[in-house]
Amino acid sequence: IESQIIAWFRQYLGRDPYPQEMPAWTNLVTERGRSMQDVQAELLAQDAVYNHCDRDKRQYIAFLYQQITGKTPTDEQLDYWLWKFDQTGVRTDLTNEFLTSKGNLH
């Protein structure tokens with residue numbers, strides 16, 4: 001659990017987790033029964049990730065798509081996920097849906 005969380009911190013936030021952060025993130029799984037996908041979605045929804053994308057929805061969606069699929073989204077895919085983002089307005093909801101759908105992302 002810890003090694004995966006550390007890898008996601010490095011990949012998405014560009015840093016290692018601070019020592020005081022690790023217990024909170026690992027407890028989501030070990031104490032609170034959350035899935036690793038939930039943890040990944042929470043990390044991707046962090047303000048630091050959104051700020052890295054200049055708080056721009058298009059850049060954020062493109063970043064998510066690139067991180068999860070390794071590909072650049074087409075205009076159609078970008079428009080679809082922007083529409084989804086506008087529907088929920090909640091980054092965690094969007095990232096959870098994105099991760100759930102990742103097998104269907106082309």
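Reader: In this structure, does Trp-83 count as buried, partly exposed or exposed?

Author: The model is a predicted one. Buried requires under 20% relative accessible area and exposed requires over 50%. Trp-83 has a relative accessibility of 47%, so Trp-83 counts as partly exposed.

Reader: Which term, stacked, tilted or edge-to-face, describes the ring pair of Tyr-80 and Trp-83?

Author: Tyr-80 and Trp-83 both lie in helix α6, 3 residues apart, which is about one turn of the helix. Planes under 30 degrees apart count as stacked and those over 60 as edge-to-face. The two ring centres are 6.3 Å apart and the planes stand at 35°, so the pair is tilted.

Reader: How many aromatic pairs does a search of the whole structure find, and what is the angle between the planes of Tyr-60 and Phe-85?

Author: The search of the whole structure finds 8 aromatic pairs. One of them is formed by Tyr-60 and Phe-85, whose rings lie 6.0 Å centre to centre. This pair is tilted, and the angle between its planes is 45°.

Reader: How many residues apart in sequence are the parts that the pair of Tyr-60 and Phe-85 ties together?

Author: Tyr-60 belongs to helix α5, whereas Phe-85 belongs to helix α6. The pair therefore ties together parts whose separation in sequence is 25 residues.

Reader: Are Tyr-60 and Phe-85 buried or exposed?

Author: The limit for a buried residue is under 20% relative accessible area. Tyr-60 stands at 0%, so Tyr-60 counts as buried. Phe-85 stands at 5%, so Phe-85 also counts as buried.

Reader: Which residues does Tyr-60 contact, leaving aside neighbours within four places in sequence?

Author: Arg-91 is one of the contacts of Tyr-60, and the C-alpha atoms of Tyr-60 and Arg-91, 31 residues apart along the chain, are separated by 9.8 Å. With those neighbours left aside, Tyr-60 is in contact with Leu-44, Ala-45, Val-49, Tyr-50, Cys-53, Phe-85, Arg-91, Leu-94 and Thr-95.

Reader: Is Gln-40 buried or exposed?

Author: Gln-40 is found in helix α3. Residues up to four places away not being counted, Gln-40 touches Trp-8, Tyr-12, Ile-68 and Leu-99. The relative accessible area of Gln-40 is 9%, so Gln-40 is buried.

Reader: Which residues are in contact with Thr-92, leaving aside neighbours within four places in sequence?

Author: Thr-92 has its place in helix α7. Its relative accessible area is 22%, so Thr-92 is partly exposed. Neighbours within four places in sequence being left aside, the residues in contact with Thr-92 are Glu-42 and Ala-45.

How values were computed:
Residues are numbered from 1 along each chain as its sequence is written. This is a predicted model: local features need pLDDT of at least 70, side-chain atom pairs count only at pLDDT 80 or more; totals for chains, interfaces and linings use all residues. Side-chain values use heavy atoms; hydrogens and water are left out. Helices (H or I, at least four residues) and strands (E, at least two) are DSSP runs, numbered from the N terminus. Buried means under 20% relative accessible area, exposed over 50%, partly exposed in between (1.4 Å probe, protein chains only). Contact means heavy atoms within 4.5 Å. Rings of Phe, Tyr and Trp (its six-membered ring) pair if their centres lie within 6.5 Å; planes under 30 degrees apart count as stacked, over 60 as edge-to-face and the rest as tilted.
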